[in-house]
Amino acid sequence: MGDQETRAALDRHWAASAAGDQDAEHEIYHEDVITDYPQSGERIHGRADLQALRSHHPAKLEFTLRRILGSGDLWITEYVIDYDGKPASTVSIMEFRDGKVVHETQYFADPFTPPAWRAQWVESMPGF
């Protein structure tokens with residue numbers, strides 16, 4: 001699978017995630033995918049368990065993509081997941097083999113108010 005095909009698969013994946021289409025969202029994953037959530041120390045084995053876990057999420061989710069970068073077998077997506085009105089900045093690192101994701105690591109970060117002491121060196125990012 002070339003970069004254009006992988007990028008198209010990622011676009012379909014994130015669009016399906018945003019639409020709540022669980023079947024289309026999980027087509028990108030290999031049957032034996034491993035997904036890691038480092039903040040909670042959780043590892044999910046297999047596409048079936050990953051889809052089941054995500055299908056039972058109690059919050060209303062909204063996705064805002066910031067950017068997708070990658071080539072070959074390594075792709076990174078930066079996005080915001082809004083959980084019932086509470087945003088979390090998220091990074092997904094996907095490793096592909098034979099056109100399917102075999103390993104994904106997702107990092108989640110809650111927003112925080114920047115400290116006043118550094119105001120002279122920074123500006124607000126668009127959308128904040």
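Reader: Let us start with the second largest pocket. Which element gives the most to its lining, and with how many residues?
Author: That is helix α1, which supplies five residues to the lining of the second largest pocket. Please keep in mind that this is a predicted model.

Reader: Which other elements supply at least two residues of that lining?
Author: Besides α1, they are α2 (22–25), β1, α3 (47–55), β3 (61–71), β4 and β6 (100–109).

Reader: How many residues line the pocket, and which lie nearest its centre?
Author: The lining has 21 residues, and E25, R54, L61, F63 and I81 lie nearest the centre. The lining divides into twelve nonpolar, six polar and three charged residues.

Reader: And how much space lies in this pocket?
Author: The second largest pocket holds about 310 Å³ of space.

Reader: You mentioned F63. Which cluster is it linked into by ring pairs?
Author: Ring pairs join F63 with W14 and Y79 in a cluster.

Reader: How many aromatic pairs does the structure hold?
Author: There are five aromatic pairs. In one of them, the ring centres of W14 and Y79 are 4.4 Å apart and the planes stand at 45 degrees, so this pair is tilted.

Reader: Where do W14 and Y79 lie?
Author: W14 is in helix α1 (residues 3–19), while Y79 is in strand β4 (residues 74–83), so their pair ties together parts that are 65 residues apart in sequence.

Reader: Are those two residues buried or exposed?
Author: W14 and Y79 are both buried.

Reader: What about W117 and W121: what kind of aromatic pair do they form?
Author: W117 and W121 form an edge-to-face pair, with 6.4 Å from centre to centre and 65 degrees between the planes.

Reader: Are W117 and W121 buried or exposed?
Author: W117 has a relative accessible area of 61%, so it is exposed, since the cut-off is over 50%. W121 also counts as exposed, at 59% relative accessibility.

Reader: A change of topic: in which sense do strands β1 and β2 pair?
Author: Strand β1 (residues 29–37) and strand β2 (residues 42–45) pair in the antiparallel sense, over four bridges.

Reader: What do β1 and β2 form, and how many residues lie between them?
Author: They form a hairpin with four residues between the strands. G41, in the turn, has a positive phi of about 75 degrees.

Technical notes. Residues are numbered from 1 along each chain as its sequence is written. This is a predicted model: local features need pLDDT of at least 70, side-chain atom pairs count only at pLDDT 80 or more; totals for chains, interfaces and linings use all residues. Side-chain values use heavy atoms; hydrogens and water are left out. Rings of Phe, Tyr and Trp (its six-membered ring) pair if their centres lie within 6.5 Å; planes under 30 degrees apart count as stacked, over 60 as edge-to-face and the rest as tilted. Buried means under 20% relative accessible area, exposed over 50%, partly exposed in between (1.4 Å probe, protein chains only). Two strands pair if DSSP finds at least two bridges between them. On a 1 Å grid over the protein atoms alone, a cavity is a set of points where a 1.4 Å probe fits but cannot get out, and a pocket is an open set with protein on both sides within 12 Å along at least five of seven lines; lining residues have an atom within 4 Å of a point. Grid points are joined across faces, edges and corners, and a volume is the space filled by probe spheres set on the points. Ala, Val, Leu, Ile, Met, Phe, Trp, Tyr, Cys and Pro count as nonpolar, Asp, Glu, Lys and Arg as charged, and the others, Gly among them, as polar.
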